[in-house]
Amino acid sequence: MNPDLERLHPYPFEKLKLLFKDLPASDKSPIALSIGEPKHPSPDFVQQVLRDNSALLSRYPTTAGIPELSDAIASWLKRRFHLNSVDAASQVLPVNGTREALFAFTQAVIDRQRQPLVLMPNPFYQIYEGATLLAGGEPMYLPCTDDTGMQPDFDAVSEDTWIRTQLLFICTPGNPTGATLTKAQLKALIQLADKYDFVIASDECYSEIYRDKPPAGLLQACAELGRDDYRRCVVFHSLSKRSNLPGLRSGFVAGDSEILKGFLRYRTYHGCAMPIHHQLASIAAWNDETHVEKNRALYREKFDAVLDILGGPLKVSAPAAGFYLWPKTPISDEEFAQRLQAEQNVTVLPGRYLSRTVNGKNPGKNRVRMALVAPLEECVEGAKRIKALLDTL
């Protein structure tokens, strides 16, 4: 077996299962705020495309996908991020959801012979870390705290670190913080990538769930720098959150054509082509914004309702984007999650399970992640039960 498998940490939900192992059963109905799986209905018109094209299951798909899908993605990128140019044939690659793409991308770009360093936010999406370890890289965790605006303080990274860096993961909007990077910050990172010759992988999967202002994207920052080649820059987007289609397993990678050329070669061997009827359904989703606007409004309504209940007793505020709350807990995050589960049958994720302890500090400690993915009524009921627990502390 690959010895690097032993370096992988248990996934957060494995830790959560162990935390709850011996808890008594509750007589209340369960409310899950722990998993970031969208629960809003999938668009009917996308489902119809799947039904209409199910006969295409008899055909092998290609890894690069059908040109019509890449065209639809390129057009969406230009509309959404005000880009002048996106070459659909060379700067776009459809993928089976960004989880597998983030993992595979890391294997393709890391040169394990050069003691690779991979930088990532802390807390983070655990795929960044696992992909790094299995690619033979060394993860370096950049803390995201109140003092740093819930995104890494890149100015605190030493020159020696930048010199060793091969890949920088950024997540904007962040999971679990909901914090976004500005165009100025993104431009500064691009200039660092040019200076020290590393790749930026920008996970932007939550970019379409925002309260007020659309978050900036890495390719948008490139374009404003006059960089339509998107050199050293790659973005990851998905239909899972934007369109409530997590089961479709559809997303894309876009950016530097030279990097994507190598990544396509890797994926051809990897065997991960998207089914053709999924590609056609994806075209329909990327070409429509009405369902996205309605989806965004539903999340705004839930955040407003939940924060009206929890805003006083809990240290919590609305994120800039995404569908998570990231509040501080008055007691240990693990104890808070245990008591909430045992006494109210509401499941949340302890923040320390999403982050790593560095120099004795864990930025997720005494925080929990709450995913407002359930219907409004269920989120409101969950907030009331959380307040009931808070009233006893």
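1. Let's start with Thr347, which sits in strand 10 (residues 346-347). Strands here are DSSP runs of E with at least two residues, helices are runs of H or I with at least four, and both are numbered from the N terminus. Thr347 counts as buried because its relative accessible area is 14%; buried means under 20%, exposed over 50%, and partly exposed in between, with a 1.4 Å probe and protein chains only. Its side chain makes a polar contact of 2.6 Å with the side chain of Gln341. For that term, two N or O atoms must lie within 3.5 Å; within protein, one must be able to donate a hydrogen and the other to accept it, and residues adjacent in sequence count only if both atoms are side-chain atoms.

2. A word on the model before going on. It is a predicted one, where local features need pLDDT of at least 70 and side-chain atom pairs count only at pLDDT 80 or more, while totals for chains, interfaces and linings use all residues. Residues are numbered from 1 along each chain as its sequence is written, and side-chain values use heavy atoms, leaving out hydrogens and water.

3. Now have a look at strand 8 (residues 251-255), where five of five residues are buried. Gly251, Val253 and Gly255 point one way, Phe252 and Ala254 the other.

4. Val95 stands opposite Gly251, and His237 stands opposite Phe252.

5. Phe252 turns up again in an aromatic cluster with Trp76, Phe81 and Trp286. The structure holds 16 aromatic pairs. One of them is Trp76 with Phe81, edge-to-face at 5.9 Å centre to centre and 90° between the planes; both residues are buried. Tyr125 and Tyr128 also form an edge-to-face pair, because their ring centres are 5.9 Å apart and their planes are at 90°. The rule is that rings of Phe, Tyr and Trp (its six-membered ring) pair if their centres lie within 6.5 Å, with planes under 30 degrees apart stacked, over 60 edge-to-face and the rest tilted. Tyr128 is classed as buried because its relative accessible area is 0%.

6. Finally, Leu8 lies in the segment before helix 1 (12-19). Leu8 is partly exposed because its relative accessible area is 33%.

Definitions and conventions: Pairing = 2+ DSSP bridges.
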